Amino acid sequence: MQLDNSSFTLPNKRNAVLERLIECHGETCVYPARKIFLTPGQKLQGVYYIITGRTRHYMIGTDGTEKILYTLSDGWFYGETPLSLRESTGLFSQAEVETRVRIIPYQDYEILLDTNKVFREAILESYSKKMLIMRHEIESLAFNSCKDRLKRLFCSTADTSCLLENKWYNLKVHYTQQELSAIIGSSRITISKTIKELCNEDFIRILNRNTQINAAAYNKVMQ
């Protein structure tokens, strides 16, 4: 199983040349955890570059149902699509943890796209990766069960750098059942039932309210 296109994104590789360039344009903003910094219908004044932290980008249906499209972390851009089209954003954007972003104004953004290859390639890479995430989400919702989608999410957030009790991996991110419901695209009742099934199957365990994934099960899924 490939996890590169998971809606939970890992930090991008740091590019010193790109970051020095970004430091010369725009301003840095710090958002506290849980801060909603963009809402549907809002015009973006620039493209966002995540220096540190993690952001969530999601939609809310008329019935209040929430669907997370992706979470972005260090080294990702956000807002390049509505900014390039000069349209309003259609998503809610929220900081999951304290997050520092650099907002590059539209005029600077256009000039950099035209004149700087490093910046242009970074924007294209960020945009292309998110398009692959969207394609994967459509594929996953159409062809994979709730249990398979939940397994994939747990695998994508597994911290494989440390094996506990010679059997378990911690998760890098701990989501509530409401958040899992929004990411997976299923009801909270279904998520709760599926988590119990995964615990009974020894795929995961919940210890002190923290979810851990079975290393052997992780390796089997990743084959």
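**View 1. Strand β4 and its antiparallel partners.** Strand β4 pairs with strand β7 (residues 92–95) in the antiparallel sense over four bridges, where strands are DSSP runs of E with at least two residues, numbered from the N terminus, and two strands pair if DSSP finds at least two bridges between them. Within this pairing, Y58 has F92 of β7 as its bridge partner. Five of the seven residues of β4 (residues 54–60) are buried, meaning under 20% relative accessible area with a 1.4 Å probe, protein chains only.

The model is predicted, so local features need pLDDT of at least 70 and side-chain atom pairs count only at pLDDT 80 or more, while totals for chains, interfaces and linings use all residues. Residues are numbered from 1 along each chain as its sequence is written, and side-chain values use heavy atoms, with hydrogens and water left out.

**View 2. Helix α5 within the structure.** Because nine of the 11 residues of helix α5 (residues 146–156) are buried, the helix is largely enclosed by the rest of the structure. Among these buried residues are C146, R149, L153 and F154. Helices are DSSP runs of H or I with at least four residues.

**View 3. The contact of α6 with α7.** Q177, Q178, L180, S181 and I184 in α6 meet R188, I191, S192 and I195 in α7, contact being heavy atoms within 4.5 Å.

Definitions and conventions. Buried < 20%, exposed > 50% of the residue type's maximum accessible area, 1.4 Å probe, protein only.
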